[in-house]
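Hi,

Here is the structure I promised to send over. Have a look at it first, and then read on for what turned up.

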Amino acid sequence: MKIIRDFEGFVNGKGLKKAVATLFFNPCFHSICLYRLSHACYQIHLGILGKIIWYINRLLFHVDIDYKADLAGGFVLIHGLGTVIGGSVRSEGRMIIYQGVTIGGNNGKTRNLENGKTLYQPLLKDNVTIYTNACVFGPVIINENTIIKAGSMITHDI
């Protein structure tokens, strides 16, 4: 289950105290839980309920993770205020996202992938870290083990 991988990413093997603190007192983890719930509603065709939960997430935590985004387990959000992740964003593995990051937007651009699918917004591979206030725009692919520095604007593959 993806939420378990998310929780493991937050705890990072630091013991029971960290696990309890994350579960009860970490608003970034709670925000990801709400995203997972809204995405689950979307997947079972309860889009309006997913949208309501997305809206609650925005109101409570000031994090805008679209309920249509397909994010793999192992998603860690650090100081998530102002983070925006678009509806067509996909990830294929663990990622760490810091405050104020924007991932999405395509300016009308699309990209055909080898598997026959069309990419509208970024695809993030495994073990991607995006630091504070960085932006990743368009149908780009961010490959494995990539670190995007704070304040960067990415519009091409890395």
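To start with the helix pairs: at what angle do α2 and α3 pack, and how far apart are their axes? The angle is about 60 degrees, and the axes are 6 Å apart. An angle like that makes α2 oblique to α3. The crossing of these two helices is right-handed. On the α2 side, the contact is made by Thr22, Leu23, Phe24 and Phe25, and α3 brings Pro27, Phe29 and His30 to meet them. Sorted by class, that contact has 5 nonpolar and 2 polar residues, with no charged ones.

Before you go further, please keep in mind that this is a predicted model.

Now for the other partner of α3. The axes of α1 and α3 come within 11 Å of each other and cross at roughly 170 degrees. Because of that angle, α1 counts as roughly antiparallel to α3. This crossing, of α1 and α3, is right-handed. From α1, the residues in the contact are Lys2, Ile3, Asp6, Phe7 and Phe10; from α3, they are Cys28, Phe29, Ile32, Cys33 and Arg36.

A bit more on α1, which covers residues 2–11. Its buried residues are Asp6, Gly9, Phe10 and Val11, and the buried residues of α1 pack against α2, α3 and β2. Just after the helix, Asn12 takes a positive phi of about 55 degrees.

Then there is the core. The largest nonpolar core has 32 residues, and those with the most contacts inside it are Leu71, Phe75, Ile103 and Ile130. At least two core residues come from each of α3 (27–43), α4 (47–61), β2 (75–78), β5 (95–98) and β10 (128–130). The largest share belongs to α3, with 6 residues. As a general point, nonpolar side chains tend to be buried together in soluble globular proteins.

Which residues does Ile103 touch, leaving aside its neighbours within four places in sequence? They are Val84, Ile85, Gly86, Val89, Ile97, Pro122, Leu124, Ile130 and Val136.

Cheers

Terms used
Residues numbered from 1 in each chain as written. Predicted model: local features only at pLDDT ≥ 70, side-chain atom pairs only at ≥ 80, totals over all residues. Heavy atoms only, no water. Core = buried A, V, L, I, M, F, W, Y, C linked by side-chain atoms within 4.5 Å. Buried < 20%, exposed > 50% of the residue type's maximum accessible area, 1.4 Å probe, protein only. Helix = DSSP H or I, 4+ residues; strand = E, 2+ residues; numbered from the N terminus. Contact = heavy atoms within 4.5 Å. Axes fitted to C-alpha atoms, helices over the stretch in contact; angles between N-to-C directions. Parallel < 35°, antiparallel > 145°, perpendicular 65-115°, else oblique. Left-handed = near helix turned anticlockwise from the far one by under 90°. Nonpolar A, V, L, I, M, F, W, Y, C, P; charged D, E, K, R; others polar.
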